[in-house]
Amino acid sequence: MSDLVTSSAKPLVAICVGPGGVGKTTVSAALALSAAQVGKRACVVTIDPARRLADALGTGQLGNEPRLVSPGAGQGWPGELWALMLDAQSTFDHLVARYATSGAQAQAILANPVYRNISAALSGTQEYMAVEKLFELVESASFDLVVVDTPPARHALDFMEAPRHLLRLLDNRVFRLLMTPTRAGLRAVEVGANVMLRALSRVAGGQVVADTVQFFTEFEGMEEGFRARAKRADELLRSPTTSFVLVCSPRRDTVDEALYLVAQLSREGLEVETVVANRCYPRYGSLPLEVVPGTARGPLAGLVANMAQLAVLSSKQDEQLARVREAMPKAALYQVPFLTGEVADLEALQKVASYLS
Amino acid sequence: MDTLSFFSQSRVLIVTGKGGTGKTTVSGVMANLAARVGLNVVVVQVAAAGDRLEPETANLCRLFGEQAVLGYEELSLRPGPPGQVKARSLRPDTALVEYLHLHGAKRLSRRLLNTGALEVVATAVPGMPDMLVLGKVKQMERAAAAGQAGAADVIVLDAPAAGHAVRFLQSPHGLLEAAAAGPVRAQARDVVEMLEDPSRCQVVLVTTPEETPVNETVEVAQLLEDRAAVKLCAVVVNARFPPLDLPAGLSVPELAPLAQASGLALAPGELASLASAGQLRRQRMEAQAAQVARLASELPLPQLELPFIFSVDLGPAELGTLTDALQASVANWQPVGLP
């Protein structure tokens, strides 16, 4: 983590990947905070923060733009911490406005009755919009470090794939049926003229297919802009200044999923340099052999049983962490304990950050 | 409530909750409990289109001692009948193929799939992939209702997590609004009918006794009732630390005389460890109790409870322990009375 926060390469991007439910959002925010603590201007892009954390970061009132987080009383840091909560829909609206060939075209698209649904599907929901927002922040050159909390998707790799997903959709052969190339760009076809579309009509209902064709008619000419941008976003994700942070917990199932992610990234030539194992139960040392659980009499029986239970748990956790170390010998591994209480304010976030250096 | 009555409430139990709180575990434990009283169960895990790995299916299989990954065909996890547990996963693309076959587009279906038509359908008709999967579940439920040979008595649907679950269960309603006529509308109507009938379908929420999961559970419950019109059966509080009798004072000076009186010769370091482990335990138990109470006040649903397991992996031994616990919890079931 020290490399991430002290590196002078600007702007640096840290993408936090990992299975759901392991505390990725908290770790993402803590990482940005530790950069602010060493004097950097850091921004964290959250996707779905817990309500109280969102309030602590001031993102509860936020739109889609970064907002400076003010330290609480008695706190302060030499750099700056900024935060935003992604609003996927509004990000796509901005893209439409940007790539429309005229104001009238943008209006027509935004007013289309199926726009809302189709834009959600077309952009791969939150994943692509998160990449888009990241791209925008990096282009603005306002930050030394941008940390992205990836959406709680079933497969965190969806995030990496998001720009290519959009490109693939644009290249999709059935999609191409809906548009025919013209000199200007693409034009939508007649539904009745095409056997595939008739079959789709049978599945989806005629009206919906017609509405969709209409949407793509209005979309004509914008395709190239989207395509170029998606390509550059993809390049950003794969650039040398983009770093991956894997967040997991010391459980068999989350480690399985985490190692799978690492293997997938590795297949793409991308390395995970940092691992954060979150929610680790502490080791308390062991009791001498004579103190056998269940035979301790009297008021200490419960305490002895407790210690034995926690000892079993922590040794199994160690086994899982060993699997991670073995699979990723070059990665820096940080352990964050299961903290008492929710991470719902900046003080608690600073506590998490303290385990990341 | 006795176990058989619990499972007689509904044919389909949809299990959902925040990611990481134990949805798949609870699905497996419920299935195992139903099997114990002689019911034949199928656990259906819902996979999104294009999934390359099914960690959830591997977890479910491991719970029953199987090293396997689930597919379209049912896999037996516990022998029977009676009391058989089978499992399968349902994906939108295979559901789409079946649907097209049923609507006379058999020849085209493979071509459509190969050209990535599902993506286009998902784009053109958002909610369609989800509804196709629910349509398949409805088909299984109808087979169960008709007492068809090979059909299960109970279907446990290991559904997508929290927010995704709302979108998933909302899909037929959305399609009813969007699609004017035709087979999609008919299918959507049938699925809505199933979702809205508590004797056919109910939702079981899963949470851990922690602040954020409880917050999300309360929110999701509200959204499901408003947007998907499904009946909420119960909330399962998973991974609760089992109760333990601890001395009132947990500092080293307070414990030293107790250690002496018990005849335990402990070095100071060992006593300190005992003390801080005890403090952690107490703190966790109290925090969890507070969350459980908050859940009860913010979401007036019957609560079932499963204990925390001091391990990192769950297999058949743990399945047995958890099934015992669920059985005891169901026996203590207090249906929420009308005011």
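**Reading side-chain contacts, cores and rings**

Modeller: Gladly! Keep in mind that this is a predicted model. Let's begin with one residue: beyond its neighbours up to four places away in sequence, B:Thr217 touches B:Leu205, B:Val206, B:Thr207, B:Val235, B:Leu295 and B:Leu299.

Biologist: Where does B:Thr217 lie, and is B:Thr217 buried or exposed?

Modeller: B:Thr217 is part of helix H10 (residues 211-228) of chain B. Its relative accessibility is 5%, so B:Thr217 counts as buried.

Biologist: How should I read a nonpolar core?

Modeller: In soluble globular proteins, nonpolar side chains tend to be buried together. Here the largest nonpolar core has 54 residues, and A:Leu134, A:Phe244, A:Leu246 and A:Met328 touch the most other members. Helix H7 (residues 126-140) of chain A gives the most, with eight residues. Both domain 1 (2-88 + 126-169 + 237-354) and domain 2 (99-121 + 171-227) of chain A contribute residues, so this core lies between them.

Biologist: And how do I read aromatic rings?

Modeller: A pair of aromatic rings is described by the distance of the centres and the angle of the planes. Over all chains, a search finds nine aromatic pairs. B:Phe6 and B:Phe7 are edge-to-face, 4.9 Å centre to centre with 85 degrees between the planes. For B:Phe241 and B:Phe308, the centres are 4.7 Å apart and the planes at 10 degrees, so that pair is stacked.

Biologist: Which residues form one aromatic cluster?

Modeller: A:Tyr281, A:Phe338, B:Phe241, B:Phe308 and B:Phe310 do. Over the ring of A:Phe338 sits the charged end of B:Arg284, 4.4 Å from the ring's centre.

Notes. Residues are numbered from 1 along each chain as its sequence is written. Chains are lettered from A and ligands numbered from 1 in the order in which they are written. This is a predicted model: local features need pLDDT of at least 70, side-chain atom pairs count only at pLDDT 80 or more; totals for chains, interfaces and linings use all residues. Side-chain values use heavy atoms; hydrogens and water are left out. A nonpolar core is a set of buried Ala, Val, Leu, Ile, Met, Phe, Trp, Tyr and Cys residues joined through side-chain atoms within 4.5 Å. Buried means under 20% relative accessible area, exposed over 50%, partly exposed in between (1.4 Å probe, protein chains only). Helices (H or I, at least four residues) and strands (E, at least two) are DSSP runs, numbered from the N terminus. Domain bounds come from an automatic or database domain assignment. Contact means heavy atoms within 4.5 Å. Rings of Phe, Tyr and Trp (its six-membered ring) pair if their centres lie within 6.5 Å; planes under 30 degrees apart count as stacked, over 60 as edge-to-face and the rest as tilted. A charge sits over a ring if NZ of Lys or CZ of Arg is within 6 Å of the ring centre and within 35 degrees of the ring normal.
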